[in-house]
Amino acid sequence: MTQFKDALIARSGLPLACERRGVAADLREDWQAALRTAGFDPGQPTVWLVEGLLMYLADTAGEALLAGLTELSAPGSRLMLEHLKAAMLEEEGRPVRERVEEQGASWLSARDDLKEWLGGHGWRARVYAGDDPRIGHGRSVAPLPACWLATAALTGGEY
């Protein structure tokens with residue numbers, strides 16, 4: 001996936017405003033070591049983007065991922081993530097869930113308590129529904145409020 005994103009960035013022709021290093025790692029293994037090997041410095045604030053992932057992880061794996069991100073984050077770090085609304089694992093989400101399953105994937109987790117969950121790990125969060133027009137920045141957003149989007153700052157940093 002990092003090669004695909006690298007190609008998109010290169011094709012855009014836009015200059016980077018920060019240093020970016022794509023690191024491929026298996027989240028079932030020691031992904032934190034892979035980051036450190038690539039030069040990641042946990043003493044510096046960073047920005048984490050977790051999109052299209054948490055709903056495919058069991059709750060325990062999502063918890064471990066957040067704990068790992070927090071451990072590697074200096075005060076002032078930022079986190080942006082997406083997670084599935086709990087209703088999507090119930091009847092309301094059945095049509096969308098069936099399309100996901102037709103593609104060979106399964107949703108394993110969802111939660112409606114992102115602000116509290118993130119807060120329990122030291123992140124001060126703002127949470128928005130996936131259909132909230134404020135997240136679109138003038139573009140249309142998903143017609144189905146299937147997910148939550150959160151932005152957060154690690155306690156100790158400005159927000």
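**Labels and their cut-offs**

User: Why is Cys18 called exposed?

Analyst: Cys18 has a relative accessibility of 55%, and exposed means over 50%, buried under 20% and partly exposed in between, using a 1.4 Å probe and protein chains only. So Cys18 counts as exposed. Before we go on: this is a predicted model, where local features need pLDDT of at least 70 and side-chain atom pairs count only at pLDDT 80 or more, while totals for chains, interfaces and linings use all residues. Residues are numbered from 1 along each chain as its sequence is written, and side-chain values use heavy atoms, with hydrogens and water left out.

User: What about Cys147, buried or exposed?

Analyst: Buried, because its relative accessibility is 13%.

User: Which helix holds Thr70, and why is Thr70 called buried?

Analyst: Thr70 sits in helix H3, residues 59-71. Helices are DSSP runs of H or I with at least four residues, strands are E runs of at least two, and both are numbered from the N terminus. Thr70 has a relative accessible area of 17%, so it is buried. Leaving aside neighbours within four places in sequence, Thr70 is in contact (heavy atoms within 4.5 Å) with His121, Trp123 and Leu154. Other buried residues of H3 include Gly62, Leu65, Leu66 and Leu69, and what covers the buried residues of H3 includes helix H2 and strand S2.

User: How do you know what span H3 should have?

Analyst: The expected span is 1.5 Å times one less than the number of residues. For the 13 residues of H3 that gives 18 Å, and the end C-alpha atoms are 18 Å apart, so the two agree.

User: What makes S1 and S3 edge strands?

Analyst: The open sheet has four strands in the order S1-S2-S4-S3, with mixed pairing. S1 and S3 each have a single partner strand, so one side of each is left without a neighbour in the sheet. Two strands pair if DSSP finds at least two bridges between them. S1 and S2 have four bridges, in the parallel sense, with Leu49 partnered by Met80 in S2. S3 and S4 have seven bridges and pair in the antiparallel sense; there, Tyr128 has Leu149 of S4 as its bridge partner.

User: Why is S2 described as largely enclosed?

Analyst: Five of the seven residues of S2 are buried, so the rest of the structure largely encloses that strand.

User: Which residues touch the most other members of the largest nonpolar core?

Analyst: Leu79, Leu81, Leu118 and Trp123, out of 22 residues. A nonpolar core is a set of buried Ala, Val, Leu, Ile, Met, Phe, Trp, Tyr and Cys residues joined through side-chain atoms within 4.5 Å. S4 gives the most to this core, with four residues. Not counting residues up to four places away in sequence, Leu118 touches Leu66, Leu79, Leu81, Trp123, Ala125, Ala150 and Ala152. Apart from that core lies another one, of eight residues, among them Leu84 and Val96.

User: Where is Trp148 placed, and what separates its C-alpha atom from that of Tyr128?

Analyst: Trp148 is in strand S4. The two residues are 20 apart along the chain, with 5.6 Å between the C-alpha atoms of Trp148 and Tyr128. Tyr128 is also one of the contacts of Trp148, as are Leu81 and Arg111.
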